[in-house]
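This briefing looks at one protein chain and walks through its fold, one topic at a time. Please keep the sequence and the structure in view while reading.

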Amino acid sequence: MRSRIVEFSKFADLGIEDIEKSDNHILSRHLQYDTNGAEKGETSFPFLSMESEGTIKYFSMVYIVI
């Protein structure tokens, strides 16, 4: 189910590369880019406190759709 949700978020172009659960928190993983637009790594942060309200609503609806 997790991989289907991530695939659905990539289709919506939300910038989320992966989601994971760590210590009862959901983390979203994003690519990082330098000033020239070249990929330089990845970063993870807490989903509920750092993602936009629209992204959070999108994810709540994705589970129902899938």
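The model is a predicted one, in which local features need pLDDT of at least 70 and side-chain atom pairs count only at pLDDT 80 or more, while totals for chains, interfaces and linings use all residues. Residues are numbered from 1 along each chain as its sequence is written, and side-chain values use heavy atoms, with hydrogens and water left out.

**Around Phe45**

- Phe45 touches Ile26, Leu27, Ser28, His30, Met50 and Glu51, not counting residues up to four places away in sequence, where contact means heavy atoms within 4.5 Å.
- Phe45 is the bridge partner of Ser28, and although the two residues are 17 residues apart in sequence, they lie 5.7 Å apart in space, taken from C-alpha to C-alpha.

**The chain as a whole**

- The protein chain holds three helices and three strands, where helices (H or I, at least four residues) and strands (E, at least two) are DSSP runs, numbered from the N terminus.
- Read from the N terminus on, the elements follow the order α-β-β-β-α-α.
- The C-alpha trace spans about 40 × 30 × 20 Å along its principal axes.
- Of the 66 residues in the protein chain, 21% count as buried, a word that here means under 20% relative accessible area, with exposed being over 50% and partly exposed in between (1.4 Å probe, protein chains only).
- Among contacts between residues at least 6 apart in sequence, 26% join residues that are at least 24 apart.

**The sheet**

- Strands of a sheet pair through backbone hydrogen bonds, and this pairing is either parallel or antiparallel.
- In this model, three strands make an open sheet in the order β1-β2-β3, with antiparallel pairing, and two strands count as paired if DSSP finds at least two bridges between them.
- The edge strands are β1 (18–22) and β3 (39–46), each of which pairs on one side only.
- Neighbouring strands of the sheet are turned by 30° against each other on average, with direction ignored; the axes are lines fitted to C-alpha atoms, for helices over the stretch in contact, and angles run from 0 to 180 degrees between N-to-C directions.

**Strand pairs and hairpins**

- β1 and β2 are joined in the antiparallel sense by five bridges, and Lys21 has Ile26 in β2 as its bridge partner.
- These two strands, β1 and β2, form a hairpin with two residues between them, and Asp23 in the turn has a positive phi of about 50°.
- Strand β2 (residues 25–33) runs antiparallel to β3, and seven bridges join the two; Gln32, for instance, stands opposite Gly41 in β3.
- The hairpin of β2 and β3 has five residues between the strands, and Gly37 takes a positive phi near 85° there.

**A buried residue in a helix**

- Thr55 belongs to helix α3 (residues 53–65), and Thr55 counts as buried because its relative accessible area is 7%.
- Leaving aside residues up to four places away in sequence, Thr55 touches Leu14, Ile16 and Phe47.
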